[in-house]
Amino acid sequence: MDLTYTPEDLAFRKQVRAWLEGNLPRTPLRTLDERKAWHRKLYEAGYLGMGWPKEYGGGGARPMEQAIVADEMAQVNAPAPTNGLGLGIVGPTVVVHGNEWQKKRYLQKILTAEEMWCQLYSEPNSGSDLASLRTRAEDKGDHFLVNGQKIWTSGGKVADWGLLLARTDPAVAKHKGISCFLLYLHQPGVDVRPLKQITGSSEFCEVFMTNARVEKENLIGKLGEGWGIANLTLGYERGGRSLARITSYASQYHRLVAAARKLKRNGRPLVDSPVVRQKLGRIWAELEVERYNALRVLTQLERGDHPGAGGSLTKLSYSEFEKRFNELAQEILGPYGQLTDGAPPELGLEIDTAVGEQGTWAYAFLWSRAGTIYSGSSEIQKNVIGERILGLPKEARADRAGAAR
Ligand SMILES: Cc1cc2nc3c(=O)[nH]c(=O)nc-3n(C[C@H](O)[C@H](O)[C@H](O)COP(=O)(O)OP(=O)(O)OC[C@H]3O[C@@H](n4cnc5c(N)ncnc54)[C@H](O)[C@@H]3O)c2cc1C
């Protein structure tokens with residue numbers, strides 16, 4: 001594992017920091033248009049799609065440079081770019097599996113947020129067992145006709161396009177009959193319905209497809225290759241912004257310690273309690289372990305290796321950590337931790353978008369449940385680790401989605 005930065009990396013970090021100082025939005029971004037404008041500004045500065053090929057609008061940058069930008073953004077709690085699924089999943093999938101026409105047609109518009117994307121994989125009865133999905137895409141000669149239902153579609157209500165997995169051959173083994181498509185959402189056969197979550201917001205949607213149309217040119221890869229492509233995209237989802245995530249947790253941690261100094265129990269600051277100190281110390285030690293995990297992933301990426309099943313270790317580790325961290329935060333903050341409109345300003349307990357989109361500890365606590373479910377639940381990650389890293393016997397159902405999720 002490489003723990004040092006080269007002089008070039010340090011110079012690049014300085015440059016990014018200076019850019020952020022001059023360009024960071026001064027007020028919270030409230031509308032989609034404001035978020036798109038910020039997204040475009042980041043892109044024009046060269047800080048989005050940094051690793052994508054230059055000929056399609058990317059920057060051809062090294063993983064370390066990408067990590068530095070994400071890390072510096074986390075340091076100042078910069079708002080995330082919009083079109084996260086386009087940047088994180090759809091774009092990389094098109095780069096690897098798309099043909100020349102698809103790359104030219106779609107990649108640049110993801111980078112500029114002109115076209116917003118979502119991921120249409122999960123169904124009401126196919127989450128972990130993704131290979132059992134039932135949405136059908138029938139070959140009609142010059143196009144495919146799609147019928148079925150998706151669920152848990154993040155960002156579905158603002159998306160223009162979706163990366164779709166659908167069954168094209170029901171006669172073969174279930175993971176061999178799936179294909180991958182690009183589905184245009186603004187057409188008569190597609191109905192996107194928002195779902196209200198425990199946090200109060202509606203990032204998720206259900207998507208119903210009734211005789212929806214996909215042109216032949218929007219098949220990604222070959223017919224029946226969808227399962228392999230899904231494995232790849234989920235790998236991207238798990239790799240993620242590992243270092244930046246740690247920086248966000250660290251900033252939250254310092255806020256929590258500051259709160260523990262201000263809040264009193266039995267007339268004394270909470271931070272004086274040996275039990276509270278012990279718990280804060282333990283969580284800091286865990287955070288350091290997460291930091292080294294992130295640096296290990298980054299070192300692998302720099303060397304051109306894909307973390308593979310090792311990505312499951314990182315994902316399991318950080319998502320379970322996030323839950324423990326937010327549970328400790330609730331314990332320390334007591335009733336203040338449940339305020340959904342933020343805590344009284346004199347306590348200095350506000351948090352910002354880096355961890356909880358709505359800026360409260362309550363939201364961050366509720367949202368922390370999500371990480372252990374999306375992109376493959378913790379149980380599925382443990383199956384992957386058991387089978388592919390520890391070499392334990394495989395689960396009985398060889399084609400179940402643990403192979404991908
Ligand atoms: C925040 C968030 C965003 C998401 N965004 C998207 C999106 O944009 N697009 C999309 O397509 N999907 C999305 N999802 C859906 C996500 O991929 C699924 O929720 C996930 O794969 C789990 O599937 P499920 O909800 O059907 O649960 P199930 O698969 O029904 O699992 C229920 C429980 O059983 C356990 N379990 C299941 N199988 C096994 C097994 N073989 N061994 C041991 N335990 C098992 C699971 O761990 C879980 O605890 C999102 C989910 C979340 C939480």
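Buried here means under 20% relative accessible area. Keep in mind that this is a predicted model.

Q: Are Tyr 106 and Trp 117 buried or exposed?
A: The cut-off for buried is under 20% relative accessible area. Both Tyr 106 and Trp 117 fall on that side of it, so the word for the two is buried.

Q: What kind of ring pair do Tyr 106 and Trp 117 make?
A: A search of the whole structure turns up 14 aromatic pairs. In this one, the ring centres sit 5.7 Å apart and the planes are at 85°. Planes over 60 degrees apart count as edge-to-face, so Tyr 106 and Trp 117 are edge-to-face.

Q: Which parts of the chain does the pair of Tyr 106 and Trp 117 link?
A: The two residues are eleven apart, and the pair links distant parts of the chain. Tyr 106 belongs to helix H5 (residues 100-111), while Trp 117 belongs to strand S1 (residues 117-120). That gives H5 and S1.

Q: Which residues do ring pairs link into a cluster with Tyr 106 and Trp 117?
A: Ring pairs tie Tyr 106 and Trp 117 into a cluster.

Q: What is the orientation of H7 to H9?
A: The axes of H7 (residues 242-262) and H9 (residues 310-333) come within 10 Å and cross at roughly 15°. Angles under 35 degrees count as roughly parallel, so H7 to H9 is roughly parallel.

Q: How many nonpolar residues are in the contact of H7 with H9?
A: Among the residues that meet are Tyr 249 and Leu 256 in H7, and Phe 321 and Ile 332 in H9. By class, the contact has one polar and two charged residues, and the nonpolar ones number eleven.

Technical notes
Residues numbered from 1 in each chain as written. Predicted model: local features only at pLDDT ≥ 70, side-chain atom pairs only at ≥ 80, totals over all residues. Heavy atoms only, no water. Axes fitted to C-alpha atoms, helices over the stretch in contact; angles between N-to-C directions. Helix = DSSP H or I, 4+ residues; strand = E, 2+ residues; numbered from the N terminus. Parallel < 35°, antiparallel > 145°, perpendicular 65-115°, else oblique. Contact = heavy atoms within 4.5 Å. Nonpolar A, V, L, I, M, F, W, Y, C, P; charged D, E, K, R; others polar. Phe/Tyr/Trp six-rings, centres within 6.5 Å; stacked < 30°, edge-to-face > 60°. Buried < 20%, exposed > 50% of the residue type's maximum accessible area, 1.4 Å probe, protein only.
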